[in-house]
Amino acid sequence: MIAKVIVDVAVNQTDRMFDYLVPPEFEQTIVPGIRVNVPFGPRKVQGFVIAIAEDSEYDSSKIKPLAELVDLKPPLTEELLALSTWVKDNTLSFHVTVLKTMLPAAMRAKYDKRLSIHESLDEGEVPESIQPFFPETNEIESWEKWSKDASELDKKVMMTAIKEEVVLVTPLVKTSDSVKKQQIVNLMVSKKDLEKAIESTPSRAIKQVKLLEFFISHFEDESEYTLTALLEKADVSRDTVQSLRKKNLVSIEEKAIARDPYEGRTFVKSEPLPLMEEQQTALDPILDSIHQENHQTFLLRGVTGSGKTEVYLQAIDQVLKKGKEAIVLVPEISLTPQMVTRFKERFGSRVAVLHSALSKGEKYDEWQKIREGKVDVAVGARSAIFAPFEKLGIIIIDEEHETSYKQEESPRYHARQVAIKRGEYYKAPIILGSATPSLESYARAKKGVYTLLTMENRVNHVKMPEVSIIDMREELRSGNRSMFSESLVKGISDRLEKREQTVLFLNRRGYSSFIMCRDCGYVPQCDHCDISLTYHRTNQSLQCHYCGHSETIPSICPECQSDSIRFFGTGTQKVEEELLKVFPEIRIIRMDVDTTRRKGSHEKLLRQFGEGKGDVLLGTQMIAKGLDFPNITLVGVLAADSMLHLPDFRSGERTFQLLTQVSGRAGRHLKPGEVVVQTYTPDHYSIEDVKSHNYLSFFEKEMGIRKQGGYPPYYFLVIIHVSSEQLDQVVSVTEKITHFLQRELSDQTFVYGPVASTIPRIKDRYRYQCMIKYKVEPKLTNTLQEVIKTYQSETTRSSLAIHMDMNPYMML
Ligand SMILES: Nc1ncnc2c1ncn2[C@@H]1O[C@H](COP(=O)(O)OP(=O)(O)OP(=O)(O)O)[C@@H](O)[C@H]1O
Ligand SMILES: [Zn+2]
Ligand SMILES: [Zn+2]
């Protein structure tokens, strides 16, 4: 029997299946999807069994047997295995990279080595130099751990011993997907026996007596303790408990426990709401698709506050009633605790939550619940699209326009594409929901590729908020130099009087805080990247957001020696200070990377705001979505146009989407809402159409511009990124690739380049790129694979790296 294995070595030369002999003892248990450890060259690596075959086409005497099975039950289902091949082909990634992406991080293999003194050596023969390394046993279990603490000299001595084969090295493959274990202490004897034990314990063993007395006085309450709780309650040490165990008075055993990140939280069960007419009209075709088991992709465009979530909940309810399962994707879920709560309240403990704020172990446990069929709804960020369900009945992608659904590292997949592929397999509907659908999706819906569902009104016909656009140039002309317009100040003071709440949104993308010399204009740059350093107030430093390089703030300009070198730009802290100058009494809850770094702080701040403990919620991107608080009646947007000028053809679309989302936080319930948008470009259509809440008008104008520029959705794009430490290498390789593509691809396809990337150097690596624009290009995948093959050995030997991004979202 032969296992066809993809090994965990992500380079071109190994990106294919390798054959391994299955030893007889594994023949019964081995199935595709299981992980195995296999010998690979001099090493041992982990691998994924993709298929089982009777024979190999290779010389069987040269095929090595696999070493061991890592799993009993395959973590990857048959469907996911097939999907992995599809993802690899469509993103031009290594197969193993895709397989690993599908599993929680805790299941990724770790490689280590065990060191042992050669058996043939007697104790007297062990060289003195290495004796101190092996104080008790003849083995060092983990090279990694040992070498971390060892000095350079120690390591040299050890290496020599290894070379002389005095010390042997055994490669190890480990996974850390062990469940969390707890030590449980059980009382093994009666109260009488405990009393007897005290008598026979010598009085100097004070601690033992203390612990025995503790057990006696609590005998009626409990007979089982977790070790940690016992140590704390009885105030004794581990050794003390161990000595009682040696006397067989207690037992200590390990028990696996599942971590529940929502432990201690209670969720009140919520019932389905009677639907509004528009909601019902949207839901009906989805229910049909569920019942008839025909796969369809729906695009649900519903204005902010139209009750999209309730539609999702009721669709899922039907899916569960049919005994099937649901995946719900939300952007960066940790950022919308309100959303999680709504799912937990409706479906209770049948919901698993997968998001980035969980620890590795917590994520593994949630994943395991899905794999074992203990839950049937998974709510999570992008990677939850790979939730290992086997009876999928629906996939929902909320805020489908969000660019975070595209992974920006290999494999560069888009969750929307993966969702549709899985939906086809399970004959299940996909719902893409948004108030501001991506241009790609809406264009597809208009062409009938997706089924369009529309909800134009808010629940209970609540009015859309009144939006005023404030021209900040006018403000300046009339003498207002502050960062708040007159209307905004008036609006806020109004809310303070009425005890209503305000959300202040600072659009910071494409807008960073930096240091500049006011005399000569000097801006400190990173030494390793061609980009200015960002000012961090908390530790008074300058940091590079690309490589992490950090330096102190200069007090004198290194260029002109002037001392007017200052902080520039508008951070949330700066806004807070300025706001306090205008309203000294105002209670501000600030939400940004600094105040939300600690786990749970995000949720806590939102809860406080919901309880009315703040007049203003001030924040960046993270407050734009999902907030649903009835008392918010004013939304202020500072610097609405700050990302309009990024070198990205989607900047208009992103501006419109973001402004619509933020505006949507105002007046969602009984009280009417108002929005004040401050801008320097009030006439730009992506700002004007926010005022009229007119998605369709925006769509038409933006489509016109895309058509003219030859951008998606009219054309597909591929960007090829080339980087290297050698500038001449980057330039010549990018040039050759560009020419090759121009020669190979069809005449209707355009190839642009080579050009330097927008950030021409990151971490001392020079960056160039070329771009392909095409409508239909059957030769695309093959040609790109050919490029990868051509540079295979050059990328292995030198610092050259080539990345292909199909349908890119990051134009930098
Ligand atoms: N049929 C209904 N009857 C009464 N209230 C409803 C109904 N449907 C939804 N709601 C309530 O209306 C509010 C807005 O709904 P929801 O948050 O689902 O809107 P949304 O379309 O997802 O908005 P956004 O895109 O702005 O996040 C919520 O408080 C929700 O509980
Ligand atoms: Zn200067
Ligand atoms: Zn840098």
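UniProt positions are given here in the numbering of this chain, and such annotations may be inferred rather than shown by experiment. The structure in all views is a predicted model.

**View 1. The cysteines Cys 526, Cys 529, Cys 544 and Cys 547, which UniProt lists under "binding site" in an unreviewed entry.** These residues span 22 positions in sequence, yet no two of their C-alpha atoms lie more than 8.8 Å apart, so the four gather at one spot. Cys 526 sits in the loop between β21 (514-517) and β22 (534-536). Because 24 C-beta neighbours fall inside 10 Å, Cys 526 counts as buried. Beyond residues up to four places away in sequence, Cys 526 touches Ile 531, Leu 533, Cys 544, Cys 547 and His 549. Cys 544 belongs to the loop between β23 (541-543) and β24 (550-552), and is buried, with 21 other C-beta atoms within 10 Å. With residues up to four places away in sequence again not counted, Cys 544 touches Cys 526, Cys 529, Ile 531, Leu 533 and His 549.

**View 2. The cysteines Cys 517, Cys 520, Cys 557 and Cys 560, also placed under "binding site" by the unreviewed UniProt entry.** They are spread over 44 residues of sequence but cluster in space, with a largest C-alpha distance of 8.7 Å. Cys 517 is part of strand β21 and is buried, having 22 other C-beta atoms within 10 Å. Cys 560 is in the loop between β24 and β25 (565-568). With 13 C-beta neighbours inside 10 Å, Cys 560 counts as partly exposed. Its contacts, not counting residues up to four places away in sequence, are Cys 517, Asp 519 and Cys 520.

View 3. The shell has 19 residues, of which Thr 304, Gly 307, Lys 308, Thr 309 and Glu 310 come nearest. Helix α10 (residues 308-321) supplies the largest share, three residues. Sorted by class, the shell around ligand 1 holds six nonpolar, nine polar and four charged residues.

**View 4. Ala 315 in helix α10.** Ala 315 counts as buried, with 23 C-beta neighbours inside 10 Å. Leaving aside neighbours within four places in sequence, Ala 315 is in contact with Leu 283, Ile 286, Leu 287, Ile 290, Ile 394 and Ile 431. Pro 429 is 114 residues from Ala 315 along the chain, and the C-alpha atoms of the two are separated by 10.0 Å.

**View 5. Helix α18 (residues 601-610) and its buried residues His 602, Leu 605, Leu 606 and Phe 609.** Seen down the helix axis, these buried residues fall within an arc of 95 degrees, so they line one face of α18. The face turned away from this buried side carries the exposed residues Ser 601 and Arg 607. Among the elements covering the buried residues of α18 are α11 (337-347), β26 (588-591) and β27 (616-619). Just after the helix, Gly 612 has a positive phi of about 80 degrees.

**View 6. The cis peptide bonds at Pro 713 and Pro 754.** Pro 712 and Pro 713 are joined by a cis peptide bond with omega of about 5 degrees. Pro 713 lies in the loop between α21 (695-709) and β30 (716-724). The cis bond between Gly 753 and Pro 754 has omega of about -5 degrees, and Pro 754 is in strand β31 (residues 750-762).

**View 7. Positive phi at Asn 248 and Asp 764.** Asn 248 is not a glycine but has a positive phi of about 60 degrees. Its place is in the loop between α8 (238-246) and β11 (250-257), where Asn 248 is exposed, with 10 other C-beta atoms within 10 Å. Asp 764, likewise a residue other than glycine, has phi near 65 degrees. The loop between β31 and β32 (765-774) contains Asp 764, which counts as exposed, with 12 C-beta neighbours inside 10 Å.

Terms used
Residues numbered from 1 in each chain as written. Chains lettered and ligands numbered in written order. Predicted model: local features only at pLDDT ≥ 70, side-chain atom pairs only at ≥ 80, totals over all residues. Buried ≥ 20, exposed ≤ 12 C-beta atoms within 10 Å, placed from the backbone. Helix = DSSP H or I, 4+ residues; strand = E, 2+ residues; numbered from the N terminus. Arc of directions from axis to C-beta. Contact = placed C-beta atoms within 7 Å. Near = placed C-beta within 6 Å. Nonpolar A, V, L, I, M, F, W, Y, C, P; charged D, E, K, R; others polar.
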